[in-house]
Amino acid sequence: MELGVVVLILLGVIIILAVSKFFGKTIKLVVHIMLFVIVVLIILTVIVYKDMTEIKQSFNTRNNTFLLYENNQLYTAVTLKPLVSTNLNLESFLYFTKYEMDGMRESMNKKNYQAILESQAHNYKVFIIKPIILNKPYKLDLGVELDQNDLLNIIMSNDSFKALAEKTNDTYGLSVGDVQRGLVDLYGSREKLKGYLLAGLLANYFQSQQPGELVQGIKEKSMIVYPESISFKVIKYMPWMD
């Protein structure tokens, strides 16, 4: 909601309030209650937009950590560093070791989001996202062209190296085992491989994001933002917030 629209609505409220003194007691009471509700909703809307604006601005100045999590399963995580360009790449993110991922997994199981928030210097928010958030058209060339569904399946696999090897071995004319060993040599750990793939999907998400998409994700509970301000609690009750 633009500031000008808010001002116009408030001006209308003031005018109606002034005119209402000529109404009967019952009608005046109803009008006052309706105006009170309108003012409260306007205030909540302004607070929500203020929070959304602060989040968007934080991407330019602060670290923000993203965890891919669903059904009590933490698949992977990365931290988005302060943006220096609108073109995101692998260098735009920080990646986690197995030890760090195990710590975050334990924190998630205990719902100790504060520990995750404090795990990175200058962290502003923790975004806990479901895979569906990243299900946007995307192609990545890893010797063979993989789409977003392929990448999510690899990330969510119990053996990501094997899952990726099975999709690429024919291209290289090697066995799954040989490609798998080559991937281990290249990436070093499953955590790093998954982190790279998540970084690519996140970069695509941000660069193809539509207006209101962040709010919609919060409303649909496919994204949780921590720390959670009052605005995040009321978004789902505000149908016009898209």
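In strand β7, the residue that forms the bridge partner of Val126 is Tyr226, and strands here are DSSP runs (E, at least two residues), numbered, like helices (H or I, at least four), from the N terminus. This is a predicted model, in which local features need pLDDT of at least 70, side-chain atom pairs count only at pLDDT 80 or more, and totals for chains, interfaces and linings use all residues. Residues are numbered from 1 along each chain as its sequence is written, and side-chain values use heavy atoms, with hydrogens and water left out.

**The sheet**
- Strand β4, residues 123-129, pairs with β7 in the antiparallel sense over four bridges, where pairing requires that DSSP finds at least two bridges between two strands.
- Five strands in the order β3-β2-β1-β4-β7 make up an open sheet with mixed pairing.
- Because β3 (93-95) and β7 (223-226) stand at the edges with a single partner strand each, one side of each is left without a neighbour in the sheet.

**Helix α5**
- In helix α5 (residues 148-156), the buried residues are Gln148, Asp150, Leu151, Leu152, Ile154 and Ile155.
- Among the elements that cover these buried residues are β1, β2, β5 (139-141), β6 (145-147), α6 (160-172) and α8 (190-207).
- At the start of α5, a side-chain oxygen of Asp147 comes to within 3.0 Å of the backbone nitrogen of Asn149.

**Helices α6 and α7**
- The axes of α6 and helix α7 (residues 176-187) come within 8 Å and cross at roughly 115°, the axes being lines fitted to C-alpha atoms over the stretch in contact and the angles running from 0 to 180 degrees between N-to-C directions.
- The contact, which means heavy atoms within 4.5 Å, involves residues of α6 including Phe161, Leu164 and Tyr172, and residues of α7 including Val176, Leu183 and Tyr187.

Note on methods
Buried means under 20% relative accessible area, exposed over 50%, partly exposed in between (1.4 Å probe, protein chains only). A polar contact is a pair of N or O atoms within 3.5 Å; within protein, one must be able to donate a hydrogen and the other to accept it, and residues adjacent in sequence count only if both atoms are side-chain atoms.
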